[in-house]
Structure formats: C-alpha cells, structure tokens
There are 2 protein chains.
Amino acid sequence: MFEYKVLASQGRARAGVFLTSHGDIETPVFAPVGTQATVKTLTPAQLDELGATLLLSNTYHLHLRPGDGLVRELGGLHEFMQWHHPMLTDSGGYQVFSLAQTRKIDDDGVTFKSHIDGSTHRFTPEKSIQIQENLGADIIMAFDECSDPTDHAYSKIAMERTHRWAERCLTAKTRPDQALFGIIQGGVNLDLRTVSAQFIASLPFPGIAIGGLSVGETKDEMHATLDLVLQSIPELKPRYLMGVGTPEDLIDGIARGVDIFDCVLPTRLARHNAVFSPKGRLNLMNALFARDPRPIDETCECYTCQTFTRAYLRHLIVAKELLAGTLLSIHNLHALIQLVKNVRISILDGTFESKVPAWLAQWEGNAERDLSNMDTSVNKDLS
Amino acid sequence: MFEYKVLASQGRARAGVFLTSHGDIETPVFAPVGTQATVKTLTPAQLDELGATLLLSNTYHLHLRPGDGLVRELGGLHEFMQWHHPMLTDSGGYQVFSLAQTRKIDDDGVTFKSHIDGSTHRFTPEKSIQIQENLGADIIMAFDECSDPTDHAYSKIAMERTHRWAERCLTAKTRPDQALFGIIQGGVNLDLRTVSAQFIASLPFPGIAIGGLSVGETKDEMHATLDLVLQSIPELKPRYLMGVGTPEDLIDGIARGVDIFDCVLPTRLARHNAVFSPKGRLNLMNALFARDPRPIDETCECYTCQTFTRAYLRHLIVAKELLAGTLLSIHNLHALIQLVKNVRISILDGTFESKVPAWLAQWEGNAERDLSNMDTSVNKDLS
C-alpha cells in the first residue's frame, strides 16, 4: 500500500503509479475539486465518463457541513458521495486562513469563526487528522499554515509551525488505509523552502506536497521555488502541487517533476461562462458566438464538444439555464484531465520533451489563473 | 405518417403508437418540458437514460430567446438541443396570456410585451405556425386563447376565437413533416366544451388536445370536462391533455382515454427540493432526512435512488449545490415516465383496471399540483 512506482521518466518529468485503497492513481494526474462532496453540477457517472480518477474534497467545508461525524456514520466520503475511485482531502488549513471570518492562531492550533454561520471552531493538527479519518479519503494532508509568500519573517514562523504540526499529524494518525502527505511551506523564500523541503523529506510521509504556491506569486517565482524544492525531496515519493492550475501550469509542473495537481479553475471558469480552447480562453456569453455552429473545440472529444454548438451553449448561458454550467464543466475538466493523460503517454513513449513547446503554444491563451482576462464588456448583451 | 394505432384498450384507457418523423411515440406517454430548449439541469443523455421519448418545448420562450430564426438556421430544434426523439411545441398562446407583461387581444391575434425585456411582439395564428415551422417539432399546436375557465360569457368568446384560429392554423401550415394538433377550449362549461369538441373534431387535425384544464378548476370539474370531451372526439386520433400533471392526474386521465401528457411539475418540484414517493411527497430539506441512509424510494430504479442516500441529497440542498436539482429532477421525471410506461404495459396485458386502485392509493400523497402542501417550516434549518 502507498507504494509509488516510477514507470518512465524524461528529464525531470515522470510517469508513475501510486497504489491506494480505492485503486491505483496513474500519475501525473489532475484531480477535480469536489469542495462540498460534489464536483459542482456533475454526477459521479459524468466524472467517471470524463476519466477522472482522483477527486479532492475539503475538510474545512465538510467539517462545518454536513459534519465529518455524519459522513463517517454514512460510511465515509466515498460512500457518501458515491465516488469509488481514490480521493484526497486537504487539511482545512488553507480554508481557515482564506475563508473563515476571524481566526486566531497559536502554536497549538487555530480558532476561527465559520463563514457560514459565524459559529466558533478550533482546528489543531490532531483535530484535522481526526476529521480526515472520519471522512476517510485515501490521501490526507498534514495541517499547515499558508502565509503571505513574500513576508520572509512571518513565512519563517509559519514554516516552523508547519513543521511541528507535521510531526504531530504523523503521531495523531491511526488509520493504516490512509496515506498522510506532508506539506512544504516557506513562501517564495528559497532559503526557507530549502529548509522546509529537507525537513518534510526527512519525515516518514508516503507523499510530499508543495503548498503556498499559486497564491499570487509570479510564474518565475513559482518555477524557481519548484525547481529548488523538487531537487531536495526523494524520487520515490509522489509530489503534489496544491491548487494548481492552468494548462500551462500543469505542463510546466510536470516538466519539473510534479505528479499530482488539483484546481477549482475548470469548474469555476465554467460558472463564469469561460472555457479552455486551443485558441485561448473563450467567454461563451460573447455575442460573437450567438450563431456559431461549431463546438467549443473541434479537436475535443468531450460530450459537450461532440454534441453541442457554441450557439446552443451561449443560448443556455443567456437564458440562465443551469445546464450551461454542467456542459462547460464537462469540457473544462475533460481538457485538463486529457491533457495530463496525453502528457503521461508522452512520458511513457519518450516524446514528452519534444512535445512540450507545441503544448505550451497551444494552451498559452489559457494561462491566467483568475478571471480578469475575460472580456466582460460583452456580458451586457443579454438578448 | 401521423398514423395513430390503438394496440389495446381497457375500458376507455388505450395503449397505442403515434408515428412521427423522429420515431414512434408509444402512448400513453408523459412528456418532460424543456421550456428553453433544455429540460432544466439535465443533458439529453440523461433524458435518454430516463426513457423519455417525447419532449415539449415552448414557442413563446424560443421566439423571444434565442429566436426561432436562429434555431432554424442551426438545423431546427432537434439539432439545436440535440434531442433526436420526437418533440412537441406549444403554440405560445398560453404563455402570452400567463407570462407577457401586457397584452391586447383582437380577432386577428395578440400584441404583447416580452417578460424578458418589455419589447413588443405580435402573435397571430399564422405567426405561431411560422415560428413552429422554424422550430421544426414533430407535433405542433394550433394557436388558441385560454380563458378564465369559470367565466362563461368570456369563455364563449375565447372559444369561438380559438375555433377561427384553428382553421387559420390549418391553412397556414406548410410543412408536411409536422403534425398539427387542434385544441378544445371552453373552460369548465360543459355546453361550450361540447361545441368545441365537436368543432375541433370536425377539422382535419391528426391529433386533438384538451386545453384550459389544470388551471385552477377542481378535480371533479376536470374529470367531468374530460369525460364529456373525450366521448365527442374520434377514437383514432391521439388525445393530448395539456399541462397535466400529478401521478394521480395521469392515472385518472389515462383511465378516461388520454394518450399524451406534459407537465413542468417534476422539474419544478425538484427545484423546490420536493420529490414524489409512494409515501407521499417529501421535501428533502427537512431535517428529518439529515442522517437518513435510505434512497428517496427503495422501490425506484432511477440513477438517484440506485446511487444516493436521502442524507446526501439533503446535504446538497442545504449546501446549495446545483447537483441537487439534477438528481431530484432525475427521480421525479423517472417516477412519472415509468408510471406511465407501467400503466401502458397493464393496458396491453389487460390488468390496468385491476391495478388502478392500488396505483391511486400508492400515489395519493403526491396529488397536489402546487407547492403549497410542502412543509416549509423546516426550511429555516439551514445548518
């Protein structure tokens, strides 16, 4: 259990397989995010059709609602949401720092108020593990503190706390069927990242995550951090780059040796009417698409592209029909899942490095992590 | 084309088949409603899985948005929404009278303002047929006026106008691949209904609809009207009871000789967290279901009941996850589609009349056409 095998590599990129209680995860892999025990607007049957294997769900959200005790009582997260492939839960740390209304951190843990109803809660490393054991995902994460990446002094404090918490998580863990991953922090401070990578690598985690990236730093900072961190950790553990990312980020990350990615981007973009395409990101609300008989992407094999025109999808968006969110989510998730699957094949057959420039060129117009590049001026056209 | 064959009957109930350009419709049949060229929250693939054959879409809505010209340009409604089984469009009359902001009716037609943007439009019988020919459904409807059913004087005026408009629709129709159905009006006034049934039956329509029911009259009034009307029209034409209904309405209607039904109830209830069940209608928001490991209906074979617990469905509702609408719509549509399919089988094998009492008993708690019977006191429990 939790063995990671590298099947092939090209440069620093690797194709491997990670064995879990709910089946093997072929890496590299992109994990769709099911924050509240559902990948928004999609049934498990649709996710299966998309070729999803690993799904991520959020400890913070599920603890608050419906409660991890209830999920456990109903057979655990796989049974609750009826996803019978591997799952991963985060530690709740990131959401406590980004979503909770107020929070007070001390060396033992964090006290915070729920963003839902203002009720007071407390997470400690032990509590995070207990919740994640109730949820029962195959991969669980150490409780960490994600700091402002450019604040060196505070990043050092947060990193040291993250290290102490990592040891406490290892001690607290009781279930043998869950793989606990440690998290490297340190912001974009290379000295701290070196210390953190070495420390986390020294602990008996079956997998290692890089946290605190894709939180506002530049691409160059992210790449420099990744380059440094990944050379400091063992080859034979899977590496998980948390919360990343765009098609370009995935290719860049895999080229540097990352194995696992997750990101809300595909489903979040879908809810903003935006889709990935080889011609760059498109906002289907745009009146340009009103009579467009083409699919989103003529080369795409997803259900949405094999079935519907841009004109129909735009009609659903303009008419505020919820089916739009479903169909656009299918396309965006398919794009990233298939991109990573194709990259994996190219690593196995030794063509990865020769294909990278074409992939990067193909996807460059989809690179932004936020929604700010979308032309919203046309959104006024609701007719 | 448009031949209707009665394969078996029991009492006044019939099992038959109606031949259309996009395949045969086995009757009795329940048609889900796809108002804006989509059955809300469901893909055509999911509708296919549910065993849906005939779908209804709305002329008024599609004319306003995206425009019937655009739908025609993109290959017609089947191609636009990718439903390759039979479709039916209504005439737009009912929506003009129920949705449009202002309307002025004269003997030639109706001028009204769009509920979307206040723009002025005019429907005449010829215009309704032209729009429906652009949309291209297999069954199209004559333009009619639906009046307050209890106002005898005005119902007579509206009925006479409906009759003149029926003749104009027959004259205006040009496409040989669409079956134009006439509509009987007259409110709950039996003298008017007799006149209207005889008049519409005298015209060369390949099918006949009963309009102006399920608009606020009592069950007894509806049944008396149906009994009267259905004995006045030819056996060898399909009979369509518009906008009906509940499980009980379907059984009552089939027992009286109705072949085709449509209703928004299953999807509308789903959006209000309510589901059909043999124990009566349930509102899954109710805190009673928070830890309930059972499916909605243990005897139901739909994807939702075969896969998810009430506890999970309630979690999706409380967490405001859109997947709830999809999963509840699947269950509610499956319930009505399968009920009608089972009724059809019982007519074919001669057991219908013996099964009616049990079916009525089983479904009696689901009879209400509105949402007023739902216990909303528990809806405050959002935790």
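Student: Where in chain B is the place of P66(B)?
Tutor: P66(B) lies in the loop that runs between α2 (59-64) and α3 (68-73) of chain B. Helices here are DSSP runs of H or I with at least four residues, strands are runs of E with at least two, and numbering starts at the N terminus. This is a predicted model, in which local features need pLDDT of at least 70 and side-chain atom pairs count only at pLDDT 80 or more, while totals for chains, interfaces and linings use all residues. Residues are numbered from 1 along each chain as its sequence is written, chains are lettered from A and ligands numbered from 1 in the order in which they are written, and side-chain values use heavy atoms, with hydrogens and water left out.

Student: What is the omega of the peptide bond from R65(B) to P66(B), and is the bond cis or trans?
Tutor: Omega is near 10°, and the bond is cis. The bond from V244(B) to G245(B) is also cis, with omega near 10°. G245(B) is in the loop between β13 (239-241) and α10 (247-255) of chain B.

Student: Why point out such bonds?
Tutor: Because most peptide bonds are trans, and most residues other than glycine have a negative phi.

Student: What makes T41(A) count as buried or exposed?
Tutor: Buried means under 20% relative accessible area, exposed over 50%, and partly exposed in between (1.4 Å probe, protein chains only). T41(A) has 6%, so it is buried. N273(A), at 16%, is therefore buried too.

Student: How do you know which class K219(A) belongs to?
Tutor: Its relative accessible area is 25%, so K219(A) is partly exposed. It is found in helix α9 (residues 219-231) of chain A.

Student: Why is the pair of F112(B) and F123(B) called edge-to-face?
Tutor: Rings of Phe, Tyr and Trp (its six-membered ring) pair if their centres lie within 6.5 Å; planes under 30 degrees apart are stacked, over 60 edge-to-face, and the rest tilted. The centres of F112(B) and F123(B) are 4.9 Å apart and their planes are at 75°, so the pair is edge-to-face. F112(B) is in strand β8 (residues 110-113) and F123(B) in strand β9 (residues 120-123) of chain B, so the pair ties together parts 11 residues apart in sequence.

Student: What angle lies between the planes of F352(B) and W359(B)?
Tutor: The angle is 40°, with 6.4 Å centre to centre, and the pair is tilted. F352(B) is buried at 2% relative accessible area, and W359(B) is buried at 12%.

Student: Why is D48(B) called partly exposed?
Tutor: Its relative accessibility is 42%, so D48(B) counts as partly exposed. D48(B) lies in helix α1 of chain B.
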